[in-house]
Amino acid sequence: MQSDVRGRELDRRIVAALQLNGRAPWGTIARYVGTSESTVLRRAAQLTESGQLRVIGVVDVLRCGLGVPVLVRFRCRPGTATAVAEAVAARPETRYASVLTGSADCTAEIVLPSHEDVARLEVHRLAGGDDVLETETLAVMRTFTSNHDWDSGVLDADAVAGLRGTDVRPFEEQLWERPPERLDELDLAIIAALGEDGRMPYKELARQVGASESTAARRVDSLVRRGCLRFRTLAEPDILGFTVEFMLWLSVLPGRLDEAGQQLASHPGTRYLSATTGRFNLVGQVALRHFGELYRHTTDVVGALPGLQAADVTLQVSTLKRAWTPTPATRTTLEDV
(Lines give C-alpha, C1' and ligand atoms only; values in the text may rest on other atoms or scores of the structure.)
Protein backbone atom coordinates (compact mmCIF):
# COMPACT_ATOMS: atom_id res chain seq x y z
CA MET A 1 0.00 0.00 0.00
CA GLN A 2 2.76 2.45 0.94
CA SER A 3 4.52 1.61 -2.33
CA ASP A 4 1.35 2.45 -4.29
CA VAL A 5 0.98 5.77 -2.46
CA ARG A 6 4.61 6.68 -3.12
CA GLY A 7 4.22 5.70 -6.76
CA ARG A 8 1.13 7.89 -7.20
CA GLU A 9 2.90 10.81 -5.55
CA LEU A 10 5.89 10.38 -7.85
CA ASP A 11 3.61 10.22 -10.88
CA ARG A 12 1.93 13.43 -9.69
CA ARG A 13 5.29 15.20 -9.44
CA ILE A 14 6.43 13.98 -12.87
CA VAL A 15 3.20 15.17 -14.50
CA ALA A 16 3.51 18.50 -12.65
CA ALA A 17 7.05 18.93 -13.98
CA LEU A 18 5.93 18.22 -17.54
CA GLN A 19 3.04 20.65 -17.07
CA LEU A 20 5.63 23.32 -16.33
CA ASN A 21 7.86 22.35 -19.27
CA GLY A 22 6.74 19.62 -21.63
CA ARG A 23 10.17 19.34 -23.26
CA ALA A 24 12.31 19.47 -20.13
CA PRO A 25 15.15 16.89 -20.19
CA TRP A 26 14.39 13.77 -18.17
CA GLY A 27 17.46 14.37 -16.05
CA THR A 28 16.22 17.82 -15.10
CA ILE A 29 12.79 16.45 -14.23
CA ALA A 30 14.41 13.72 -12.10
CA ARG A 31 16.34 16.33 -10.13
CA TYR A 32 13.23 18.34 -9.26
CA VAL A 33 10.97 15.39 -8.47
CA GLY A 34 13.58 13.73 -6.26
CA THR A 35 14.35 10.44 -7.97
CA SER A 36 16.61 8.89 -10.61
CA GLU A 37 16.34 9.56 -14.33
CA SER A 38 15.73 5.86 -15.02
CA THR A 39 12.79 5.87 -12.60
CA VAL A 40 11.32 8.97 -14.22
CA LEU A 41 11.64 7.38 -17.66
CA ARG A 42 9.97 4.18 -16.47
CA ARG A 43 7.06 5.91 -14.70
CA ALA A 44 6.50 8.36 -17.58
CA ALA A 45 6.47 5.45 -20.06
CA GLN A 46 3.87 3.63 -17.97
CA LEU A 47 1.67 6.73 -17.79
CA THR A 48 2.02 7.25 -21.54
CA GLU A 49 1.24 3.64 -22.42
CA SER A 50 -1.86 3.69 -20.21
CA GLY A 51 -3.11 6.83 -21.99
CA GLN A 52 -2.87 9.01 -18.89
CA LEU A 53 -0.06 11.23 -20.16
CA ARG A 54 0.88 12.81 -23.45
CA VAL A 55 2.89 15.88 -24.45
CA ILE A 56 1.98 17.58 -27.71
CA GLY A 57 2.88 20.77 -29.54
CA VAL A 58 -0.10 23.08 -30.02
CA VAL A 59 -0.30 25.97 -32.48
CA ASP A 60 -1.76 29.24 -31.21
CA VAL A 61 -4.35 29.86 -33.91
CA LEU A 62 -4.93 33.52 -33.01
CA ARG A 63 -1.21 34.34 -33.00
CA CYS A 64 -0.74 32.69 -36.38
CA GLY A 65 -3.91 33.92 -38.07
CA LEU A 66 -5.09 30.34 -38.55
CA GLY A 67 -8.51 30.71 -37.00
CA VAL A 68 -10.79 32.26 -34.41
CA PRO A 69 -11.81 30.24 -31.33
CA VAL A 70 -15.44 30.45 -30.26
CA LEU A 71 -17.00 29.06 -27.10
CA VAL A 72 -20.45 27.54 -27.54
CA ARG A 73 -22.91 26.83 -24.73
CA PHE A 74 -25.58 24.20 -25.44
CA ARG A 75 -28.89 23.60 -23.74
CA CYS A 76 -30.17 20.15 -24.65
CA ARG A 77 -33.21 17.94 -24.33
CA PRO A 78 -33.18 15.96 -21.07
CA GLY A 79 -30.89 12.96 -21.24
CA THR A 80 -29.12 13.97 -24.47
CA ALA A 81 -26.23 16.16 -23.23
CA THR A 82 -23.60 13.42 -23.48
CA ALA A 83 -24.69 12.43 -27.00
CA VAL A 84 -24.61 16.07 -28.11
CA ALA A 85 -21.17 16.61 -26.58
CA GLU A 86 -19.86 13.44 -28.26
CA ALA A 87 -21.17 14.59 -31.63
CA VAL A 88 -19.52 17.99 -31.25
CA ALA A 89 -16.26 16.52 -29.90
CA ALA A 90 -16.00 14.21 -32.91
CA ARG A 91 -15.75 17.23 -35.25
CA PRO A 92 -12.17 18.09 -36.35
CA GLU A 93 -12.72 21.81 -35.75
CA THR A 94 -13.57 21.19 -32.07
CA ARG A 95 -10.64 21.82 -29.75
CA TYR A 96 -12.42 21.22 -26.43
CA ALA A 97 -15.72 19.69 -25.34
CA SER A 98 -17.31 18.82 -22.00
CA VAL A 99 -20.63 17.89 -20.41
CA LEU A 100 -21.84 20.38 -17.80
CA THR A 101 -24.44 20.71 -15.10
CA GLY A 102 -26.14 24.03 -14.44
CA SER A 103 -27.48 26.67 -16.82
CA ALA A 104 -25.82 24.90 -19.79
CA ASP A 105 -25.71 21.16 -20.50
CA CYS A 106 -22.48 21.06 -22.48
CA THR A 107 -19.90 23.39 -23.98
CA ALA A 108 -17.28 23.31 -26.70
CA GLU A 109 -14.49 25.42 -28.10
CA ILE A 110 -14.61 25.41 -31.88
CA VAL A 111 -11.98 27.01 -34.10
CA LEU A 112 -13.39 28.74 -37.19
CA PRO A 113 -11.42 30.08 -40.18
CA SER A 114 -12.29 33.74 -39.42
CA HIS A 115 -14.61 35.89 -37.36
CA GLU A 116 -16.94 36.21 -40.35
CA ASP A 117 -17.61 32.48 -40.08
CA VAL A 118 -19.12 32.89 -36.61
CA ALA A 119 -22.37 34.15 -38.16
CA ARG A 120 -22.45 31.13 -40.49
CA LEU A 121 -21.80 28.53 -37.81
CA GLU A 122 -24.57 25.95 -38.01
CA VAL A 123 -24.29 24.68 -34.46
CA HIS A 124 -27.44 22.54 -34.60
CA ARG A 125 -26.08 20.57 -37.54
CA LEU A 126 -22.77 20.08 -35.74
CA ALA A 127 -24.48 18.73 -32.67
CA GLY A 128 -27.13 16.37 -33.95
CA GLY A 129 -30.21 18.43 -34.68
CA ASP A 130 -33.32 18.36 -32.52
CA ASP A 131 -31.57 17.40 -29.29
CA VAL A 132 -30.19 20.95 -29.07
CA LEU A 133 -32.77 23.38 -27.69
CA GLU A 134 -30.64 26.52 -27.50
CA THR A 135 -27.09 27.67 -28.17
CA GLU A 136 -25.01 30.70 -27.33
CA THR A 137 -21.79 31.49 -29.20
CA LEU A 138 -19.03 33.66 -27.73
CA ALA A 139 -16.01 34.63 -29.84
CA VAL A 140 -12.67 34.75 -28.02
CA MET A 141 -11.15 38.25 -28.24
CA ARG A 142 -8.17 37.83 -25.96
CA THR A 143 -6.75 35.04 -23.79
CA PHE A 144 -5.41 36.01 -20.36
CA THR A 145 -4.05 32.59 -19.52
CA SER A 146 -4.35 29.06 -20.86
CA ASN A 147 -3.73 25.50 -19.79
CA HIS A 148 -0.18 25.73 -21.17
CA ASP A 149 0.63 28.35 -18.52
CA TRP A 150 -1.01 26.62 -15.56
CA ASP A 151 1.14 25.91 -12.51
CA SER A 152 -0.55 23.18 -10.48
CA GLY A 153 1.39 24.15 -7.34
CA VAL A 154 2.60 20.57 -6.83
CA LEU A 155 6.29 21.57 -7.11
CA ASP A 156 8.03 24.34 -5.21
CA ALA A 157 9.21 27.71 -6.52
CA ASP A 158 12.74 26.47 -7.21
CA ALA A 159 11.37 23.73 -9.45
CA VAL A 160 9.11 26.20 -11.27
CA ALA A 161 12.04 28.54 -11.92
CA GLY A 162 14.33 25.69 -12.96
CA LEU A 163 11.84 24.08 -15.32
CA ARG A 164 10.06 27.10 -16.73
CA GLY A 165 12.51 29.96 -16.22
CA THR A 166 12.13 33.22 -14.39
CA ASP A 167 9.71 34.91 -16.81
CA VAL A 168 6.53 32.91 -16.37
CA ARG A 169 4.06 35.45 -17.72
CA PRO A 170 1.63 33.89 -20.17
CA PHE A 171 2.58 34.33 -23.82
CA GLU A 172 -0.88 35.78 -24.32
CA GLU A 173 -0.05 38.64 -21.95
CA GLN A 174 3.07 39.53 -23.91
CA LEU A 175 1.94 39.04 -27.50
CA TRP A 176 -1.80 39.29 -27.86
CA GLU A 177 -1.92 42.78 -29.44
CA ARG A 178 0.75 42.09 -32.07
CA PRO A 179 -0.25 41.34 -35.68
CA PRO A 180 -0.57 37.62 -36.51
CA GLU A 181 2.61 35.77 -37.42
CA ARG A 182 3.03 34.25 -40.87
CA LEU A 183 4.09 30.60 -41.02
CA ASP A 184 5.86 28.97 -43.96
CA GLU A 185 5.68 25.33 -45.05
CA LEU A 186 8.54 24.26 -42.80
CA ASP A 187 6.92 25.92 -39.77
CA LEU A 188 3.65 24.12 -40.48
CA ALA A 189 5.42 20.78 -40.97
CA ILE A 190 7.22 21.18 -37.64
CA ILE A 191 3.99 22.07 -35.85
CA ALA A 192 2.24 19.05 -37.37
CA ALA A 193 5.02 16.67 -36.32
CA LEU A 194 5.17 18.03 -32.77
CA GLY A 195 1.39 17.85 -32.62
CA GLU A 196 1.79 14.09 -32.61
CA ASP A 197 4.73 13.98 -30.20
CA GLY A 198 5.73 17.13 -28.36
CA ARG A 199 8.89 15.50 -26.98
CA MET A 200 10.15 14.32 -30.35
CA PRO A 201 13.98 14.63 -30.46
CA TYR A 202 15.31 17.21 -32.89
CA LYS A 203 17.08 14.51 -34.90
CA GLU A 204 13.80 12.70 -35.57
CA LEU A 205 11.95 15.98 -36.14
CA ALA A 206 14.55 17.01 -38.73
CA ARG A 207 14.15 13.68 -40.51
CA GLN A 208 10.37 14.00 -40.65
CA VAL A 209 10.31 17.58 -41.96
CA GLY A 210 13.30 17.28 -44.32
CA ALA A 211 15.60 19.80 -42.66
CA SER A 212 18.89 19.73 -40.78
CA GLU A 213 18.82 19.12 -37.05
CA SER A 214 20.15 22.63 -36.32
CA THR A 215 17.51 24.20 -38.58
CA ALA A 216 14.73 22.23 -36.89
CA ALA A 217 15.94 23.29 -33.44
CA ARG A 218 16.21 26.94 -34.52
CA ARG A 219 12.72 26.92 -35.99
CA VAL A 220 11.18 25.39 -32.87
CA ASP A 221 12.89 28.01 -30.71
CA SER A 222 11.63 30.77 -33.01
CA LEU A 223 8.07 29.44 -33.01
CA VAL A 224 8.05 29.29 -29.21
CA ARG A 225 9.57 32.77 -28.78
CA ARG A 226 6.99 34.27 -31.14
CA GLY A 227 4.13 32.64 -29.23
CA CYS A 228 3.14 30.46 -32.19
CA LEU A 229 3.92 27.09 -30.64
CA ARG A 230 3.16 25.89 -27.12
CA PHE A 231 3.76 22.53 -25.49
CA ARG A 232 0.74 21.05 -23.77
CA THR A 233 0.90 18.23 -21.25
CA LEU A 234 -2.30 16.25 -21.54
CA ALA A 235 -3.15 14.63 -18.20
CA GLU A 236 -6.43 14.74 -16.35
CA PRO A 237 -6.40 17.13 -13.36
CA ASP A 238 -7.18 14.37 -10.87
CA ILE A 239 -3.66 12.97 -11.39
CA LEU A 240 -2.44 16.27 -9.93
CA GLY A 241 -4.92 16.11 -7.07
CA PHE A 242 -7.69 18.31 -8.52
CA THR A 243 -11.07 16.59 -8.34
CA VAL A 244 -13.40 19.45 -9.34
CA GLU A 245 -13.46 21.36 -12.63
CA PHE A 246 -15.95 24.03 -13.57
CA MET A 247 -16.57 26.81 -16.05
CA LEU A 248 -17.05 30.42 -15.00
CA TRP A 249 -19.26 32.62 -17.17
CA LEU A 250 -18.92 36.23 -16.02
CA SER A 251 -20.35 39.59 -17.02
CA VAL A 252 -17.94 42.42 -16.18
CA LEU A 253 -18.17 46.15 -16.82
CA PRO A 254 -16.10 46.81 -19.98
CA GLY A 255 -13.96 49.42 -18.22
CA ARG A 256 -12.94 46.86 -15.58
CA LEU A 257 -12.57 43.86 -17.87
CA ASP A 258 -8.79 43.93 -18.17
CA GLU A 259 -8.35 44.41 -14.42
CA ALA A 260 -10.76 41.60 -13.60
CA GLY A 261 -9.14 39.32 -16.17
CA GLN A 262 -5.64 39.88 -14.81
CA GLN A 263 -6.83 39.34 -11.24
CA LEU A 264 -8.67 36.08 -11.95
CA ALA A 265 -5.89 34.76 -14.21
CA SER A 266 -3.43 35.06 -11.31
CA HIS A 267 -5.46 32.69 -9.11
CA PRO A 268 -3.74 29.28 -8.89
CA GLY A 269 -6.92 27.41 -9.76
CA THR A 270 -7.48 29.23 -13.06
CA ARG A 271 -6.45 26.97 -15.93
CA TYR A 272 -7.95 29.06 -18.74
CA LEU A 273 -9.41 32.55 -19.01
CA SER A 274 -10.49 34.58 -22.02
CA ALA A 275 -12.31 37.79 -22.81
CA THR A 276 -15.19 37.06 -25.16
CA THR A 277 -17.97 38.73 -27.07
CA GLY A 278 -21.55 38.37 -25.87
CA ARG A 279 -23.39 38.67 -22.54
CA PHE A 280 -20.58 36.77 -20.82
CA ASN A 281 -17.41 38.73 -21.57
CA LEU A 282 -15.05 36.79 -19.29
CA VAL A 283 -15.02 32.99 -19.46
CA GLY A 284 -12.77 30.73 -17.42
CA GLN A 285 -12.05 27.13 -16.59
CA VAL A 286 -11.05 26.45 -12.97
CA ALA A 287 -9.78 23.37 -11.14
CA LEU A 288 -10.03 22.92 -7.37
CA ARG A 289 -8.78 20.14 -5.13
CA HIS A 290 -12.18 19.25 -3.70
CA PHE A 291 -15.82 20.32 -3.89
CA GLY A 292 -15.68 22.03 -0.51
CA GLU A 293 -13.48 24.77 -2.00
CA LEU A 294 -16.13 25.83 -4.51
CA TYR A 295 -18.14 28.00 -2.14
CA ARG A 296 -15.17 30.09 -0.99
CA HIS A 297 -13.92 30.39 -4.54
CA THR A 298 -17.30 31.79 -5.56
CA THR A 299 -17.56 34.23 -2.66
CA ASP A 300 -13.95 35.26 -2.08
CA VAL A 301 -12.36 34.98 -5.54
CA VAL A 302 -15.17 35.59 -8.02
CA GLY A 303 -17.05 37.91 -5.68
CA ALA A 304 -13.97 40.13 -5.28
CA LEU A 305 -13.52 40.79 -9.00
CA PRO A 306 -13.75 44.47 -9.96
CA GLY A 307 -16.71 45.44 -12.11
CA LEU A 308 -18.47 42.09 -11.72
CA GLN A 309 -22.15 42.31 -12.66
CA ALA A 310 -23.21 38.67 -12.95
CA ALA A 311 -21.65 35.24 -12.49
CA ASP A 312 -22.66 31.76 -13.60
CA VAL A 313 -20.97 28.51 -12.53
CA THR A 314 -21.35 25.26 -14.48
CA LEU A 315 -19.68 22.13 -13.11
CA GLN A 316 -17.89 19.88 -15.58
CA VAL A 317 -19.44 16.43 -15.33
CA SER A 318 -17.06 14.92 -17.87
CA THR A 319 -14.55 16.23 -20.39
CA LEU A 320 -14.42 14.54 -23.77
CA LYS A 321 -11.73 16.48 -25.59
CA ARG A 322 -8.82 18.75 -24.69
CA ALA A 323 -6.42 20.48 -27.11
CA TRP A 324 -7.94 18.64 -30.12
CA THR A 325 -7.33 15.31 -28.35
CA PRO A 326 -9.96 12.91 -26.94
CA THR A 327 -9.48 12.28 -23.22
CA PRO A 328 -8.53 8.74 -22.16
CA ALA A 329 -11.99 7.82 -20.90
CA THR A 330 -13.73 8.86 -24.12
CA ARG A 331 -11.15 8.08 -26.80
CA THR A 332 -12.76 4.80 -27.89
CA THR A 333 -16.26 6.30 -27.91
CA LEU A 334 -15.26 9.24 -30.10
CA GLU A 335 -13.38 7.03 -32.53
CA ASP A 336 -16.61 5.11 -33.06
CA VAL A 337 -18.77 8.20 -33.72
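Modeller: Contact means heavy atoms within 4.5 Å, and helices (H or I, at least four residues) and strands (E, at least two) are DSSP runs numbered from the N terminus. The model is predicted, so to speak of local features a pLDDT of at least 70 is needed and side-chain atom pairs count only at pLDDT 80 or more, whereas totals for chains, interfaces and linings use all residues. Residues are numbered from 1 along each chain as its sequence is written, and side-chain values use heavy atoms, with hydrogens and water left out.

The part I take is helix H11, residues 257-265. Its buried residues (under 20% relative accessible area; exposed is over 50% and partly exposed lies in between, with a 1.4 Å probe and protein chains only) are Leu257, Ala260, Gly261, Leu264 and Ala265. Viewed down the axis of H11, these buried residues fall within an arc of 125 degrees, so they line one face of the helix. The arc is taken from the directions that run from the helix axis to the C-beta atoms. The cover over the buried residues of H11 includes the strands E5, E7 (244-252), E8 and E9, together with helix H12 (294-302).

Two strands count as paired if DSSP finds at least two bridges between them. By that rule E8 pairs with E5 (residues 132-145) in the antiparallel sense, over four bridges. Within this pairing, Arg142 stands opposite Ala275 of E8. E8 also pairs in the antiparallel sense with E9 (residues 282-288), here over five bridges, and Tyr272 stands opposite Gln285 of E9. E8 and E9 form a hairpin with five residues between them, and Gly278 in the turn has a positive phi of about 105 degrees.

Most residues other than glycine have a negative phi. Ala323 has a positive phi near 50 degrees, and its place is in the loop between strand E10 (308-322) and strand E11 (325-326). The relative accessible area of Ala323 is 6%, so this residue is buried. Trp324 is found in the loop between E10 and E11 as well, with a positive phi near 70 degrees. At a relative accessible area of 30%, however, Trp324 is partly exposed.

Leu205, Ala206 and Val209 of H9 are buried. They cover an arc of only 100 degrees around the axis, which puts them on the same side of H9. Lys203 and Arg207, on the other side of H9, are exposed. Helices H8 (185-196) and H10 (213-225) are what the buried residues of H9 pack against. H9 is followed by Gly210, which has a positive phi near 75 degrees.

Ala216 has its place in H10 and is buried, with a relative accessible area of 0%. Leaving aside residues up to four places away in sequence, Ala216 touches Ile190, Tyr202, Leu205 and Ala206. Between the C-alpha atoms of Ala216 and Leu294 there are 45 Å, although the two residues are 78 residues apart along the chain.

The cysteines remain. A disulfide is taken as a pair of cysteine sulfur atoms within 2.5 Å, and a search of the whole structure finds zero of them. For Cys76, the closest cysteine sulfur is that of Cys106, 3.9 Å away and therefore too far for a bond. Cys76 itself counts as buried, at 7% relative accessibility. Cys228 is in no disulfide either, with the nearest cysteine sulfur, in Cys64, 3.5 Å away. Cys228 also counts as buried, at 0% relative accessibility.
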